[in-house]
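Work through these exercises with the structure open beside you. Try each task before reading its solution.

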Amino acid sequence: MRFLTAKRRGRAARPALLVMALLLMGALYAAVAPAARVSADTGSSQQVAEGKALFRVTCSSCHGMNGEGTEQGPSLVGVGAAAVDFQVSTGRMPMANPGAQAPRKHNTYTPSEIAALAAFVATLGPGPAIPLPEQYSGEGLSAEELAKGGELFRTNCSACHNFEGAGGALPNGKYAPSLNGVSGKHIWEALRTGPQQMPVFSSGVLVDDDVRAIVGYLETLHAQPSSGLTFGALGPVAEGLFAWIIGIGGLCLLAVWIAAKGARAR
Ligand code: HEC
Ligand code: HEC
């Protein structure tokens with residue numbers, strides 16, 4: 001009898017232990033993840049050498065051994081580190097197959113690989129550098145600044161990206177993508193480098209504070225609870241945490257339940 005109760009307590013304790021382990025791992029992930037995202041933009045000579053080697057393997061077939069361009073891809077001289085960071089971290093580059101438009105897709109490069117590629121391309125000619133958070137962060141803006149952001153968005157962007165930033169079709173099978181969930185950093189980089197059909201908005205047209213106003217405006221626009229359950233307001237780290245606990249935690253609990261059921265059936 002004593003043996004039985006001990007066993008039963010053991011069975012109940014197991015899922016609780018698992019949940020605790022998952023919480024711990026989630027917390028660890030949250031603590032470590034932001035540090036990994038810091039990108040070095042200084043371009044040490046070793047980083048440039050690494051970037052050059054990687055570039056020659058994965059990018060040169062279209063962009064040439066020294067980024068001079070080929071029939072398959074444009075010259076990258078003077079596009080700047082920001083263009084590389086944007087294109088590679090949104091998964092557009094390396095382009096899989098030359099089509100109407102390189103789509104946003106899952107990026108398979110590590111932050112340090114991207115930083116190395118960017119540092120190498122930056123040595124080819126002067127261009128926009130990878131921005132710092134104070135250049136693109138939409139946080140802590142006043143209501144007036146947000147309203148100005150909305151105005152700037154409607155005059156400069158909505159023709160292609162739609163009034164709510166939901167995106168829209170363009171001629172010849174091209175399209176302006178939805179801006180929902182696009183990071184402030186990628187918005188800044190897209191403006192300064194003008195990917196594909198998008199015009200370049202230089203700092204002469206929109207100063208960094210204007211970009212921040214637009215970023216802040218888009219964040220408030222997309223934070224409105226119109227699209228069901230979103231973790232947008234909590235940021236990407238929280239999202240990862242939720243995915244861990246709800247996704248993997250759920251699976252583990254299911255496994256424990258199945259095992260318990262199986263044991264009982266026996
Ligand atoms: C299959 C060919 C192909 C490969 C491989 C490729 N690219 Fe590209 N890349 C292109 C094409 C084509 C464009 C132009 C897209 C457009 O503007 O429509 C482009 C555009 C770019 C741009 C934007 C240039 C600008 O003017 O802003 C950058 C930056 C870039 N590529 C970087 C890279 C890097 C880095 C790699 C390797 C990781 C890579 N590409 C691999 C074909 C390729
Ligand atoms: C002439 C049409 C046009 C205008 C005007 C325009 N864009 Fe774009 N935008 C595009 C196209 C086309 C793309 C897709 C480029 C690609 O896939 O490489 C794009 C891409 C982007 C992206 C990248 C999104 C992603 O999925 O990574 C951002 C951010 C962006 N635009 C923001 C803006 C903002 C902010 C403005 C106004 C200041 C603006 N755009 C004005 C056509 C436009």
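**Exercise 1. Are Phe-153 and Tyr-217 buried or exposed?**

Phe-153 is buried, and Tyr-217 is buried too. Buried means under 20% relative accessible area, exposed means over 50%, and partly exposed is in between (1.4 Å probe, protein chains only).

A note on the source: this is a predicted model, where local features need pLDDT of at least 70, side-chain atom pairs count only at pLDDT 80 or more, and totals for chains, interfaces and linings use all residues. Residues are numbered from 1 along each chain as its sequence is written, chains are lettered from A and ligands numbered from 1 in the order in which they are written, and side-chain values use heavy atoms, with hydrogens and water left out.

**Exercise 2. Describe the protein chain as a whole.**

Step 1: count the elements. The chain has 11 helices and 2 strands. Both are DSSP runs numbered from the N terminus: helices are H or I with at least four residues, strands are E with at least two.

Step 2: read their order. Along the sequence the pattern is α-α-α-α-α-α-α-α-β-β-α-α-α.

Step 3: check burial. The chain has 266 residues, and 33% of them count as buried.

Step 4: check contacts (heavy atoms within 4.5 Å). Among those between residues at least 6 apart in sequence, 63% join residues at least 24 apart.

**Exercise 3. Find the aromatic pairs and classify them.**

Step 1: know the rule. Rings of Phe, Tyr and Trp (its six-membered ring) pair if their centres lie within 6.5 Å; planes under 30 degrees apart count as stacked, over 60 as edge-to-face and the rest as tilted.

Step 2: count. The structure holds 2 aromatic pairs.

Step 3: take Phe-55 and Phe-120. Their ring centres are 5.2 Å apart and their planes meet at 55°, so this pair is tilted. Phe-55 sits in helix α2 (residues 45-58) and Phe-120 in helix α5, 65 residues apart. Both Phe-55 and Phe-120 are buried.

Step 4: take Phe-153 and Tyr-217. This pair is tilted as well, at 5.9 Å centre to centre and 40° between the planes. Phe-153 belongs to helix α7 (residues 143-156) and Tyr-217 to helix α10 (residues 208-223), so the pair ties together parts 64 residues apart in sequence.

**Exercise 4. How do the axes of α7 and α10 cross?**

Step 1: find the angle. The axes come within 7 Å and cross at roughly 95°. Axes are lines fitted to C-alpha atoms, for helices over the stretch in contact, and angles run from 0 to 180 degrees between N-to-C directions.

Step 2: classify. α7 and α10 are therefore roughly perpendicular. The classes are: under 35 degrees roughly parallel, over 145 roughly antiparallel, 65 to 115 roughly perpendicular, and the rest oblique.

Step 3: list contact residues. Those of α7 include Leu-146, Leu-152 and Phe-153, and those of α10 include Ala-213, Ile-214 and Tyr-217.

**Exercise 5. Where is Lys-105 found, and which residues does Lys-105 touch?**

Step 1: locate Lys-105. It is in the loop between α4 (80-89) and α5 (111-122). At 35% relative accessibility, Lys-105 is partly exposed.

Step 2: list its neighbours. Not counting residues up to four places away in sequence, Lys-105 touches Thr-90, Gly-91, Arg-92, Met-93, Pro-94 and Ala-96.

Step 3: look at Pro-94. Its backbone oxygen lies 3.3 Å from a polar side-chain atom of Lys-105. Pro-94 is also in the loop between α4 and α5. A cis peptide bond joins Met-93 and Pro-94, with omega about -5°.

How values were computed:
Polar contact = N/O pair within 3.5 Å; in protein donor to acceptor, adjacent residues only side chain to side chain.
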